[in-house]
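Welcome! Open your viewer, get your selection tool ready, and let's take a short walk through this structure together.

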Amino acid sequence: MPKRLLTLAVNGRRHEIAADGHALLVDVLRDALGLTGTKQGCDGGECGACTVLVDGAPRLACLTLAASVEGRAIETIEGLARSGRMSALQQAFHERLGTQCGFCTPGMIMAAEALLRRTPHPDEAEIREALAGNLCRCTGYVKIIESVRAAAEARP
Amino acid sequence: MGALPEFAFARPATLAEACALLAVEGARAVAGGTDLVPNLRRGIERPAQLVDLGGIAALDRIEERDGALALGAGVTLARLADDARIARVLPALAEAARSVAGPAHRSAATLGGNLCQDTRCVFYNQSEWWRRANGWCLKRDGDTCHVAPQGRRCHAAYSGDLAPVLLAAGAEAETATAAGTRRVPLADLYREDGAAHLTLAPGEIVARVFVPAPTPGRRSGYRKARARGAVDFPLAGVAVVLVVRDGAIAELGVGLTGTNSRPFRLAGTEGFVGQPVDDALLASLAKLIQKQVSPMRSTVTQSYYRRQVASVLAQRLVRELAAG
């Protein structure tokens, strides 16, 4: 099958990639662009580890055909830090021990980032709902919810 | 999961272009991909071409006139859940949309995709090697339904959450092919056969859904039973639209999902018009539901539980809506 030229806007940068029509966004991000922060967990849309933002909304990169998000603004965990400084959410996950093994963390943070952009000061129910599609096998979730709440409280 | 099979990919900008592409044999429509992509990765379907409907602006509209809704099939579940007009006119639809999967699924998944989602079964939603080791099944590649080996049809369950609400509210669907569009009652989109639950012709897609304006004072709600509070498909799902006037039922519509191979509107609810919502009425309602649902062992949860919980959810919801 011939490859096609895809133009993807990832973390504010335009990338031209020769990809198959059936390429998945998670594979393009990790293998073609080297953005391995986005994790491949269940690889079937059940665990949320591959959550990225598309036009600010959370999306599962393992279920997203790369060709279907051409021209949209894609953001991954690598796009959050500014000049080497962690974002408020990353800092909060670091300080509040929201991360243990770290595998679910990029997906958790991107899902939480989508929430805080839409709802800057969420209550606990809103945080739980926003993270309902993200599985963690280490923390029991309490520290993750605390981290998101801390990041929200640190906001003006 | 396995790798995706190879297919060509097209992203048309108009409905006419999409219909022309879908008229070719081996073409398959995809919108959010949350239902189709896992099935492709399990080797369940092998389309020659995927036609992505996500670039068609005309399918992405929500319109409301005097309470009547026209909903584009490409509207995402996240938008349905958040739209103020839907919250006002048919809150059950927003509730049902909010109850589907997780937030990252809802920002991709669409109304049309949810209505047309594939039926599900423990013997079907499995990897290729799993299904091969089990001799395949009647729904795909095999000749025996492992749920009911003596039967002649597939008993996979329909698990969409939006259809029961729209059926209870008397919605219609506009479908499109290269030859033109047609408008049918939403119920006509489905049949009681897990292997062929949609009546759409090859290449035909759902383009819009029309919901008639409500009777003044109508209340609506949606409840589903599932193992976890999020993400899971319904073991049984119940939608109710209800109008109570002067202490008696003036209108009652009940839609069900998760229990059969199609979503359906409960038959016989007009018999309750004029009666008060009391224990006797709720007992009759439960009996009516028990007669019409037919859950089979297509999930790891017992079918007996799904039958019971369908009527319990309906009783609670009717009582709650009647109380205001």
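Begin by colouring two selections in chain A: residues 4-79, which make up domain 1, and residues 88-153, which make up domain 2. Keep in mind as you look around that this is a predicted model. Where the domains touch, domain 1 of chain A supplies 16 residues to the contact and domain 2 of chain A supplies 13 residues.

Now show the surface between them. The size of an interface is often given as the accessible area lost when the parts come together. Here, domain 1 of chain A and domain 2 of chain A bury about 1200 Å² between them, and carbon and sulfur atoms give 64% of that area. Next, select T51(A), L53(A) and I77(A): in domain 1 of chain A, these lose the most area to domain 2 of chain A, together 39% of what that side buries.

Which two side chains meet in a salt bridge? Select R117(A) and E75(A) and draw the N to O distance, which is 2.7 Å. The count between domain 1 of chain A and domain 2 of chain A is 1 salt bridge. Across this same interface of the two domains, 4 residue pairs are in polar contact.

For the last stop, highlight strand β3 (residues 51-54) of chain A. This strand gives 3 residues, the largest share of the side of domain 1 of chain A that touches domain 2 of chain A. Colour that side by residue type and you will find 6 nonpolar, 7 polar and 3 charged residues.

Technical notes:
Residues are numbered from 1 along each chain as its sequence is written. Chains are lettered from A and ligands numbered from 1 in the order in which they are written. This is a predicted model: local features need pLDDT of at least 70, side-chain atom pairs count only at pLDDT 80 or more; totals for chains, interfaces and linings use all residues. Side-chain values use heavy atoms; hydrogens and water are left out. Domain bounds come from an automatic or database domain assignment. Contact means heavy atoms within 4.5 Å. Buried area is the accessible area (1.4 Å probe) that two parts lose on being put together, summed over both. A salt bridge is a side-chain nitrogen of Lys or Arg within 4 Å of a carboxyl oxygen of Asp or Glu. A polar contact is a pair of N or O atoms within 3.5 Å; within protein, one must be able to donate a hydrogen and the other to accept it, and residues adjacent in sequence count only if both atoms are side-chain atoms. Helices (H or I, at least four residues) and strands (E, at least two) are DSSP runs, numbered from the N terminus. Ala, Val, Leu, Ile, Met, Phe, Trp, Tyr, Cys and Pro count as nonpolar, Asp, Glu, Lys and Arg as charged, and the others, Gly among them, as polar.
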